[in-house]
Amino acid sequence: MHLKIRLTRRKLEIWALSLTSLVFAFYILNLTLALIILNKDVQTSRGMLYPRESETREVRTLDGIWNFVRSDESNPTQGIRDGWFKDDLSKSRPTIPMPVPASYNDITTEQALRDHVGTVWYDRKFFVPRSWAHEQRVWLRFGSVHYEAFVWMNGQLVVKHEMGHLPFETEVTHLLQYGAENRITVMCDNALIQTTVPQGKISEMANDGGVTIIQSYTFDFFNYAGIHRSVHLYTTPKTFIEQVDIKTNLTNNNSVGHVDYSIIVNGSATNEADNTLYARLLLYSREGDLVSNVRSDSKLLGSLQVENVNPWWPYLMHSDPGYLYKLEIKLYAANEQLLDVYRLNVGLRTLSWNNTTFLINGKPIYFRGFGRHEDADVRGKGLDNALMTRDFNLLKWIGANAYRTSHYPYSEESMQFADRHGIMIIDECPSVDTENFNQVLLGKHKSSLEQLVHRDRNHPSVVMWSIANEPRTGQLNADTYFQFVANYTRSLDGTRPITAAIAVPSTDDKAGRYLDIISFNRYNAWYSNTGRLDMVTKRVIEEATAWNKKYDKPVLMAEYGADTLEGLHLQPAFVWSEEFQTAVFSQHFKAFDALRRKKWFIGEFVWNFADFKTAQSYTRVGGNKKGVFTRARQPKAAAHLLRQRYFALGREVDQCSLPDDLFTYIADVGNSVKHDSSDL
Ligand code: BDP
């Protein structure tokens, strides 16, 4: 009997053991499956040339005041189910006026709209000229809608697009009524989840009225949403220049320039004599002289050569920065019939890099710049030409030669400004605080980079791609994930180096080996050792050196700074005061100068250019106040110090001349005291 019991118990134990092993094996299998990320192909972009008028093209903007409806948060798909797009929005719900382009959040006085989670609707009416009906095609193009957009033309769904800050377009030729009124309807969804770029979380929480939906995210800027950039209709001929890819190079000691081009045409020439198309490319100097001229082969690729070229140089690296040629592309049918004309600005420059140096036109670059945001009072992230122009004037006033488009692609108009003003751009995709790496996220992350490279590859100002900001590169899957993301980006464009702004300690990081240049973010005396101005310089030197030692690549500091309440003065320096921001900068400058001597340290970027709005938090007083400029774009005290440094660096590194008002006259006390620019 006893033996029987013992045997049964033994059997049970064995079963229990095998059951545990089974459960354990199942768990391990699941974990392994979750860790396996495959490098799948992503859909690639087409077209999307910036809309420009020419002999063969017309452009019309749909910017202005649109009608707007906020959906119920608890019923975000109601508008789709009830067909709000089938007729004027005002027939389904009361509408309010909403400017386009602009974020919708801060336009009204309603908290419900500012903090809305889910879908909103826009519509407007417009006429299309009768003349557009003939022998041409019409395209609808959005500069950006954040985060996801559904668009209907006269009640028909024409395009869906997921990803803020990037353009999308579609053909609407057959959906328009020519010489008559048309209606465009847009549904925009701002919800961010674990598989969007950037990531966020949606949850439900009890509130005083029952339950409410909460959008949370870890990134430090307000999740502004809406139709952020211009909406255009433009025409093209039936057969037209759909894509242009430009690569430039300089030879013979920068005296000869080369423009390699490749053109993709949409439409066939079956109606146009025969199918063999060719292009003529004419390159004009800024002064309007024709400097090069070629006829392409039938593959529509080739090269232009420019003697005595004026290279594109960054601001303060040359006395004539931002030199742009105008490239005129004329598409012809074999019978010499002109089909299409498109013009774009081209800057001729060459980039190269190795494990210590990053060079433009053979000259080492030392970046003096900023992390920035597209952010302003009232309009949020909406394109604003006045603000953009002011910002570039401030960048030049302060002597910066670069900025990073932290933490998403900026407007195409600002990229064109950067080309013209010679401001170098580290062009960042919308991946911020990336974590919980998974297959869907990888696909979207790669797609965001594909769309970014496609949009910006022809800009001379873009000198580097940033594939993420502060990704959690210490996590288990980060290695494979970033290997895929970096290699994919390199396959899209091998002419520019790749970076990511990393904040994990160098000892934990698994992504740096896939990058060309290491960027790191660190807030000494702010998030670590708050207020300790004596704990900055050595730590910055040590951290930069550790990154360089680990990867043997050039290093730059992509973020440092301190929140500063404009007008708060405290002596001796105390956190949040203007004195403290000035002192934090100065302690960093000492580190940067020590690092510059080591050669592989290639740049310094202050966080941030201007104050900006964030989600509500007890660490933020009306937003992030690390701006060197206020949100209204006026300088804080530290701006004057930074200006002196950036110009001093420009003078030392690039032999630039100094502005007359760099130093304020103090007293005539002899050579030992710095009292004007000549003392530098
Ligand atoms: C960095 C982030 C940036 C934040 C900044 C800050 O990259 O987006 O705004 O910190 O906290 O970690 O000011």
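At what angle do the axes of helix 6 and helix 7 cross?

**View 1. Helix 6 against helix 7 in a predicted model.** The axes of helix 6 (residues 439–456) and helix 7 (residues 478–492) cross at roughly 25 degrees and come within 10 Å, where axes are lines fitted to C-alpha atoms, for helices over the stretch in contact, and angles run from 0 to 180 degrees between N-to-C directions. Helix 6 is therefore roughly parallel to helix 7, a term for angles under 35 degrees, while angles over 145 count as roughly antiparallel, 65 to 115 as roughly perpendicular and the rest as oblique. On the side of helix 6 the contact (heavy atoms within 4.5 Å) is made by Leu-441, Leu-442, His-445, Lys-446, Leu-449, Glu-450 and Val-453, and on the side of helix 7 by Tyr-481, Phe-482, Phe-484, Val-485, Tyr-488, Thr-489 and Leu-492. These residues divide into 10 nonpolar, two polar and two charged. Helices (H or I, at least four residues) and strands (E, at least two) are DSSP runs, numbered from the N terminus.

**View 2. Helix 8 against helix 9.** Helix 8 (residues 537–551) packs against helix 9 (residues 578–596) at an angle of about 40 degrees, with the axes 8 Å apart, and the two are therefore oblique to each other. Helix 8 contributes Thr-537, Val-540, Ile-541, Ala-544 and Thr-545 to the contact, and the residues from helix 9 include Gln-587, His-588, Phe-592 and Leu-595.

View 3. Strand 16 (residues 256–266) pairs with strand 19 over six bridges in the antiparallel sense, and Ser-262 stands opposite Leu-301 in strand 19.

**View 4. Domain 1 and domain 2.** The domain assignment, which is automatic or from a database, gives domain 1 (59–190 + 225–236), domain 2 (238–349) and domain 3 (352–679). The C-alpha centres of domain 1 and domain 2 lie 34 Å apart, and their contact takes five residues from domain 1 and four residues from domain 2.

**Notes.** In this predicted model local features need pLDDT of at least 70 and side-chain atom pairs count only at pLDDT 80 or more, whereas totals for chains, interfaces and linings use all residues. Residues are numbered from 1 along each chain as its sequence is written, and side-chain values use heavy atoms, with hydrogens and water left out.

Terms used. Nonpolar A, V, L, I, M, F, W, Y, C, P; charged D, E, K, R; others polar. Pairing = 2+ DSSP bridges.
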